[in-house]
Amino acid sequence: MRYTQMFIPTLKQSPADAEVISHQLMIRAGMIRQLASGVYSILPLGQRVLKKVEQIIREEMNAIGGLEMFLPSIQPAELWKESGRWDFYGKELLRLNDRHDREFCYGPTHEEVITDIVRRDVKSYKQLPLLMYQIQTKFRDEVRPRFGIMRGREFTMKDAYSFHADEKSTRKTYEDMKRAYANIFTRCGLDFKMVEADSGTIGGSFSHEFMVLADSGEDAVGFCDHCDYASNLEKAELKPAAASPAPDSTGTPTEVSTPGKKTIDEVAGFLGTGPEQIVKTLVFEYEDGLVAALVRGDRQLNLIKLKNHLGCDWLNPADEKTIADKTGYPVGFLGPVGLDLKIYVDHEVGRMHDFVTGANKPDTHLTGVQLHRDITITEMLDLREVIAGDLCPRCENGHYQIRRGIEVGHIFILGTKYSKALKANFLDPNGKEQPFVMGCYGIGVGRTAAAAIEQNHDEKGIVWPPSLAPFQVSVIPVNQNAEPVKEAAEKIYKMLIDQGIEALLDDRKDRLGAKLKDAELTGIPVHIVIGPKNLEAGNLEVKFRKTGESRSLPFPGGLDDLVTMIKAL
């Protein structure tokens, strides 16, 4: 391709609203342009990158027996009401009505649609397992779209769905998918972790996320420094520790006046103790009422862990009025002693003695509290958020490290959640109807490209992994008007194209500096610079974007070596 035939509107400055480097560089490199909040046009250079990602995905999906299809983006409300997600999904679901006032949504995902297809046409266990995928545009009405195509409202996604006769078959496909995803992100040149994850609004019993490690990541990832265990912090487990034996004590907690001291730091400072000797009492509201949870004062409760343990659809911190109305106790001085709620206790609290809690009366706390003597607990479990240095739950010698990560893929075992709701059944070998066991597997195409930039850039611009670069080589004549230079550039360009190498000939009449800056900004891996002085000396200059290395090759005698070098790269 010739530069003068391409549309690459590069910019010298980053737009003010671009928060992360991938957003800045994709706009500056002429790859994307914003149309509306969270909605982007993909320009030709950006489209070439996304197509590279898609091709890698297709090859790996096909290798494990995936069947590509294409499903409608507009979905009827009836399907979503059947599954129960029409009301549950919330405002992220873009709803619309057609001219006949029938309700539809713009699909954020396609579990309902694919299940409807299979329930109509797959009747026997002999037709299973079945794995189908698509690469298609989705829409989720994010409350705060940001980071360019990394977290837009409209985005391209590969979503795959599998249907099975039993759990064993589902697990096999799940393992196949884990390997395929690892191949995809390795081929994309990414440093990533496969982490255990919560299933979220998709539902299901088992899931993993694929996280690209980057400081700009929205999610925190905990992983062991000794073994291969990794998890997002919502799911990260802590090694259970046995409760310490309680000291012999027949006493009672002591009330201490703490006027106006409500926060952990205020109480600790006033009593001359550390936050680690205080126990927080946190109250949450869910569909069955109120529930309390206890964690150490210097720790944070993991809401997802508690929600999953309760098996509830929603769980929110209770507001002050609700707590006061339901318990009769003041917020800020609430404590577990005498509290008439189910009380769930983090394992770490089980190792504490003579600790401080609220006294359930204004401006008062209790000291000398003993867990089993003074508090009626419902259950002790892992409730707190992991921090760096915590012991790994899966090995004896490891400790947690915490890094930021960008989620680029997520795989789930859904079980029978959707097949039961949509009455999608098949006949087993005994002729009995059974619900399909399902899995679903997603990759964000744009997110993968953006994540590659977050990991591969410098002060000059993008440094694409060769597998994702929009072009492999940029041929840059120093002076397009000099006939020998122009002829040499054309010869090299044609030779590269004939060898199947994607080359961009910068045939603009701009100065060399401008051409080199654009080549560096857009991240093309190899730059071949052709100047009159080098030609007179019988040489070409070859520059490598990633390392900054520059080599001189004989011209035309070194062209075969040049092709070999580029193909090896």
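Modeller: Happy to! A word on terms first: the axes here are lines fitted to C-alpha atoms, for helices over the stretch in contact, and angles run from 0 to 180 degrees between N-to-C directions. Please keep in mind that this is a predicted model.

Let's take helix 2, residues 44-63, and begin with its packing on helix 6, residues 167-187: the angle is about 150° and the axes lie 9 Å apart. Angles over 145 degrees count as roughly antiparallel, so helix 2 is roughly antiparallel to helix 6. The crossing of helix 2 past helix 6 is right-handed. On the helix 2 side, the contact is made by I56, I57, E59, E60 and M61, while helix 6 supplies M177, A180, Y181, N183, I184 and R187. Sorted by class, this contact of helix 2 with helix 6 holds seven nonpolar, one polar and three charged residues.

Now for the other partner. Helix 12, residues 445-455, has an axis that comes within 9 Å of the axis of helix 2, and the two cross at roughly 115°. That makes helix 2 roughly perpendicular to helix 12. Here, too, helix 2 passes its partner, helix 12, in a right-handed crossing. V49, L50, V53, E54 and I57 of helix 2 meet V445, G446, T448 and A449 of helix 12. In the contact of helix 2 with helix 12, six residues are nonpolar, two are polar and one is charged. I57 of helix 2 is listed in the contact with helix 6 and again in the contact with helix 12.

The largest nonpolar core has 57 residues, and M31, Y181, I184, F185 and W464 touch the most other members. Among the elements that give two or more residues to this core are helix 1 (21-28), helix 2, helix 6 and helix 12, along with strands such as strand 7 (130-139) and strand 21 (400-415). Helix 2 gives the largest share of this core, seven residues.

How values were computed
Residues are numbered from 1 along each chain as its sequence is written. This is a predicted model: local features need pLDDT of at least 70, side-chain atom pairs count only at pLDDT 80 or more; totals for chains, interfaces and linings use all residues. Side-chain values use heavy atoms; hydrogens and water are left out. Helices (H or I, at least four residues) and strands (E, at least two) are DSSP runs, numbered from the N terminus. Angles under 35 degrees count as roughly parallel, over 145 as roughly antiparallel, 65 to 115 as roughly perpendicular and the rest as oblique. A crossing is left-handed if the near helix is turned anticlockwise from the far one by less than a right angle, and right-handed if clockwise. Contact means heavy atoms within 4.5 Å. Ala, Val, Leu, Ile, Met, Phe, Trp, Tyr, Cys and Pro count as nonpolar, Asp, Glu, Lys and Arg as charged, and the others, Gly among them, as polar. A nonpolar core is a set of buried Ala, Val, Leu, Ile, Met, Phe, Trp, Tyr and Cys residues joined through side-chain atoms within 4.5 Å. Buried means under 20% relative accessible area, exposed over 50%, partly exposed in between (1.4 Å probe, protein chains only).
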